[in-house]
Amino acid sequence: RWSFGLLETRVHPSFGNKRMPFVYLCRNDKILFATKHYELEPLDWKKGLDTDYDYPGRMKVRVKADGWTLEGEYIAGELFDFTDVLAELPAWIRKIASKFVKRPVFFRTRGKFVGMAIDPEGNTHKIDTAGPFEYVVTK
């Protein structure tokens with residue numbers, strides 16, 4: 001059984017716009033690699049529900065770490081949740097919060113990661129695993 005995870009975060013520009021990346025690949029109970037070095041390419045932008053923000057329908061991922069090579073795509077499925085954080089706040093708090101952020105929104109989809117991994121010995125492994133995808137926009 002395969003497990004793939006990726007977290008791509010950028011802190012707010014007022015805190016330096018620092019990138020904080022992390023990706024891992026596991027099989028059964030073993031961590032095969034965990035690294036902050038990878039390539040990520042968002043593709044096929046989709047419109048969110050009742051919003052002017054878009055989210056990627058696919059994310060192409062390329063990793064070389066600890067002798068492993070991984071190439072694949074996370075394919076977003078059905079959008080099952082959209083959260084506009086400011087809309088969730090009481091009006092009096094929203095007024096204060098909107099002075100610091102424009103409109104933080106969360107897109108949550110069910111999807112799958114499909115790709116190929118090459119292990120340090122040169123063996124090729126097909127990966128096809130499902131899971132949630134969360135894309136957050138904070139401005």
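This is a predicted model: local features need pLDDT of at least 70, side-chain atom pairs count only at pLDDT 80 or more; totals for chains, interfaces and linings use all residues.
1. Residues are numbered from 1 along each chain as its sequence is written, and side-chain values use heavy atoms, leaving out hydrogens and water.

2. Start with the sheet that holds β3. Three strands make up an open, antiparallel sheet in the order β1-β2-β3 (two strands pair if DSSP finds at least two bridges between them). Its edge strands are β1 (2–10) and β3 (30–35), each pairing on one side only. On average, neighbouring strands are turned by 10° against each other, direction ignored (axes are lines fitted to C-alpha atoms, with angles between N-to-C directions running from 0 to 180 degrees). Between β2 (residues 19–27) and β3 there are five bridges, and the two run antiparallel. Look for R27, which stands opposite K30 in β3.

3. Back to T35. Is it buried or exposed? T35 has a relative accessible area of 12%, so it is buried (buried is under 20%, exposed over 50% and partly exposed in between, using a 1.4 Å probe and protein chains only). Not counting residues up to four places away in sequence, T35 touches F22, V23, V63 and A65 (contact means heavy atoms within 4.5 Å). A polar atom of the T35 side chain also lies 3.0 Å from the backbone nitrogen of H37.

4. Now the other sheet. Five strands form an open sheet with antiparallel pairing, in the order β4-β5-β6-β7-β8. β4 (39–47) and β8 (124–137) stand at the edges with a single partner strand each, so one side of each has no neighbour in the sheet. Here, neighbouring strands are turned by 20° against each other on average, direction ignored.

5. Eight bridges join β5 to β4, running antiparallel; K47 has D54 as its bridge partner, and K46 stands opposite Y55. β5 also pairs with β6 in the antiparallel sense over eight bridges, with R58 opposite I75. These two strands form a hairpin with two residues between them, and D66 in the turn has a positive phi of about 50°.

6. How many aromatic pairs does a search of the whole structure find? There are six (rings of Phe, Tyr and Trp, the last by its six-membered ring, pair if their centres lie within 6.5 Å; planes under 30 degrees apart are stacked, over 60 edge-to-face, the rest tilted). Y74 and F133 have ring centres 5.0 Å apart and planes at 25°, so this pair is stacked. The pair links distant parts of the chain, with Y74 in β6 (residues 68–84) and F133 in β8, 59 residues apart. Y74 is buried at 9% relative accessibility, and F133 is buried at 12%. Elsewhere, ring pairs link W45, Y55, F107 and Y135 into a cluster.

7. Last, two charges over rings (NZ of Lys or CZ of Arg within 6 Å of the ring centre and within 35 degrees of the ring normal). R110 has its charged end over the ring of F80, 4.3 Å from the centre. R19 lies over the face of Y38, 5.2 Å from the ring centre.

How values were computed: Helices (H or I, at least four residues) and strands (E, at least two) are DSSP runs, numbered from the N terminus. A polar contact is a pair of N or O atoms within 3.5 Å; within protein, one must be able to donate a hydrogen and the other to accept it, and residues adjacent in sequence count only if both atoms are side-chain atoms.
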